[in-house]
Amino acid sequence: MFALNFNKIIMPIFYGKAALAEFLNSVKTQNSTIGFVPTMGALHQGHLSLMQQSLAENNNTVVSIFVNPTQFNNAEDLEKYPRTLEEDTQKIFQLNANIIVYAPTVDDIYEGKVISQNFDFDGLENQMEGKFRPGHFNGVGTIVKRLFEIVSPNNAYFGKKDFQQLQIVKKMVLKNHLNVNIIGCEIHREANGLAMSSRNERLSASEKEQAAIIYQTLLQAKEKFKAQDCKSVKQWVKDVFDTNTNFDLEYFEIADEETLIPCDEKTKDKNYRAFIAVFVNNIRLIDTISLK
Ligand code: AMP
């Protein structure tokens, strides 16, 4: 089970689901709520802001730290994903020592069968990240469903940085009649606008500075979208990255926020959002912005 000891203050940390479930049962009362923040660790201010929201809105907050193998379609990306459990638990402890940390092993989650369940997300899974990362959202659905079964949260917090993931999780909850509120949280950014991400740790200082272009381009695309059609804005973004050899644009898409269907002709009653995935020195970064 348990217990990281920071200066004689004990912080609950669990490596196995049975002990976690037992502990959660013991702290649960009739009217208390559990807020849940699933993460893959290498925590930054974006993750911590989700935890702060959960702390403000619930009696208990559970944070999971688990690099989920089934959502990686690229073995090198999985292998190089930063794993910093000790620093992570210290950051959580500094935020609030009552947060309950669940850092399971692969076996605790998958019980010997590291495979994804197949989901139907009504087509949300076929766009953008789904197109470029085959199997990714089946992996996300599998781990989130599994974690929800283990933690039984009332509220679960997800960042809008992974907006497609947020919509996928909402769809999974709806289709499986799960009793959990999914709350979308705002994107935290570095001072230069770069969306915070665990993958940013792999960027050099100069790459981090240059990567500001991603958010700057999104802001300009939003401005252009007021007067231009979807196709012209998409072409403009493509041209920006074509002339910049340090970045390799995987996709830029403008899509309906609800269905994630790419915009062809603009329709007044729809809320559009721009989505981007860019490689910087083989490191894949994503970002998104509401075009409203
Ligand atoms: P990850 O550890 O990358 O799986 O992220 C765990 C959660 O934190 C997900 O719901 C992400 O969307 C969210 N998250 C990651 N980066 C940010 C950010 N910069 N701002 C807000 N939420 C974020």
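The model is predicted: local features need pLDDT of at least 70, side-chain atom pairs count only at pLDDT 80 or more, and totals for chains, interfaces and linings use all residues. Residues are numbered from 1 along each chain as its sequence is written, and side-chain values use heavy atoms, with hydrogens and water left out.

A nitrogen atom of the ligand lies 2.8 Å from a backbone N or O atom of Met 196. For His 188, a backbone N or O atom is likewise 2.8 Å from a ligand nitrogen. Gly 159 has a polar backbone atom 2.9 Å from an oxygen atom of the ligand.

## Composition of the shell

The shell around the ligand holds seven nonpolar residues, seven polar and three charged. Here Ala, Val, Leu, Ile, Met, Phe, Trp, Tyr, Cys and Pro count as nonpolar, Asp, Glu, Lys and Arg as charged, and the others, Gly among them, as polar. Three residues, the largest share, come from α2; helices (H or I, at least four residues) and strands (E, at least two) are DSSP runs, numbered from the N terminus.

## Disulfide

The structure has one disulfide, defined as a pair of cysteine sulfur atoms within 2.5 Å. Cys 230 is joined to Cys 263, with an S to S distance of 1.7 Å. The torsion about this S-S bond is about 45°, so the disulfide is right-handed.

Terms used
Polar contact = N/O pair within 3.5 Å; in protein donor to acceptor, adjacent residues only side chain to side chain.
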